[in-house]
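Dear colleague,

Please find below the structure that I am handing over to you. My findings follow directly after it, arranged by topic.

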Amino acid sequence: MTVITYRINGRAASLEANRLYRRIIDDSLMVKIDNGCLRHASPEEAMAVATQLGDMVAFAAVGKTTPDFAAMTKTEIEFWAKERHGVNLDRRRKKETLIEEARALAAA
């Protein structure tokens, strides 16, 4: 079993590689917790995974990847904007309008 070690708030921590998952929608790194749910990886965990596993995970910098908005649903676009940028998009608008707003957020 591969264990990734890192420091968070000055304390040593570790993470088992078999608990890591990559979300297809936005390419974010997720960690499986004890009750079976997934949570977003902290920036410290993401950097440790990138440096220690390297090409094995093909990790792009956190927040730097732009998904294919045309292939996403309006709900997924709204979720991406809220998770990445803290912006609530109005799902009542046309999908094309949501895509334009999401691309503008990604470019900023």
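**Overview of the chain**

The chain has 108 residues, of which 28% count as buried. Please bear in mind that this is a predicted model. Its secondary structure comprises three helices and five strands. Read from the N terminus, the order of the elements is β-β-β-β-β-α-α-α. Among the contacts in the chain with a separation of 6 or more, 32% are accounted for by residues 24 or more positions apart.

**The sheet and the helix across it**

An open sheet is formed by three strands in the order β3-β4-β5, with antiparallel pairing. Its edge strands are β3 and β5, each of which pairs on one side only. On average, neighbouring strands of this sheet are turned by 40 degrees against each other, direction ignored. Between β4 and β5, the antiparallel pairing extends over three bridges. Within this part of the structure, V31 stands opposite R39 in β5.

Helix α1 lies across β3, β4 and β5 and runs at about 100 degrees to β4. Which residues of helix α1 are buried? In this helix, which spans residues 43-53, they are E45, A46, A48, V49 and L53. These residues are on the same side of α1, because they cover an arc of only 165 degrees around the axis. The face turned away from the buried side of α1 carries the exposed residues P43, M47 and T51.

What covers the buried residues of α1? The covering elements include β1 (3-8), β2 (11-16), β3 (20-22), β4 (29-32) and β5 (38-40).

In soluble globular proteins, nonpolar side chains tend to be buried together. In the present model, the largest nonpolar core has eleven residues in all: I4, Y6, L15, L20, L29, V31, A41, A46, A48, V49 and L53. At least two residues of this core are supplied by each of β1, β4 and α1. The largest share, four residues, comes from α1.

Leaving aside neighbours within four places in sequence, A48 is in contact with I4, T5, Y6 and L53. Another core lies apart from the one described above; this other core has ten residues, among them M72, I77, W80 and L98.

**Salt bridges**

Side chains of opposite charge can pair when their charged atoms come close. How many salt bridges does a search of the whole structure find? The search finds six, and I describe several of them here.

The side chains of R19 and D34 meet in a salt bridge, with an N to O distance of 3.2 Å. This pair links distant parts of the chain, 15 residues apart: R19 is in the loop between β2 and β3, and D34 is in the loop between β4 and β5. With 26% relative accessibility, R19 counts as partly exposed, whereas D34, at 73%, counts as exposed. R19 and D34 are also linked with E16 in a network of salt bridges.

E45 forms a salt bridge with R39, and the closest N and O atoms are 2.8 Å apart. Is E45 buried or exposed? E45 counts as buried, because its relative accessibility is 4% and the cut-off for a buried residue is under 20%.

R91 lies in the loop between α2 (74-85) and α3 (95-107) and E78 lies in helix α2, so the pair ties together parts that are 13 residues apart in sequence. R91 is partly exposed, and its relative accessible area is 41%.

**A buried residue in a loop**

Finally, I would draw your attention to D26, which lies in the loop between β3 and β4. D26 is buried, with a relative accessible area of 3%. The C-alpha atoms of D26 and F79 are separated by 9.7 Å, while the two residues are 53 residues apart along the chain.

With kind regards

Technical notes:
Residues are numbered from 1 along each chain as its sequence is written. This is a predicted model: local features need pLDDT of at least 70, side-chain atom pairs count only at pLDDT 80 or more; totals for chains, interfaces and linings use all residues. Side-chain values use heavy atoms; hydrogens and water are left out. Buried means under 20% relative accessible area, exposed over 50%, partly exposed in between (1.4 Å probe, protein chains only). The arc is that of the directions from the helix axis to the C-beta atoms. Contact means heavy atoms within 4.5 Å. Two strands pair if DSSP finds at least two bridges between them. Axes are lines fitted to C-alpha atoms, for helices over the stretch in contact, and angles run from 0 to 180 degrees between N-to-C directions. A nonpolar core is a set of buried Ala, Val, Leu, Ile, Met, Phe, Trp, Tyr and Cys residues joined through side-chain atoms within 4.5 Å. A salt bridge is a side-chain nitrogen of Lys or Arg within 4 Å of a carboxyl oxygen of Asp or Glu.
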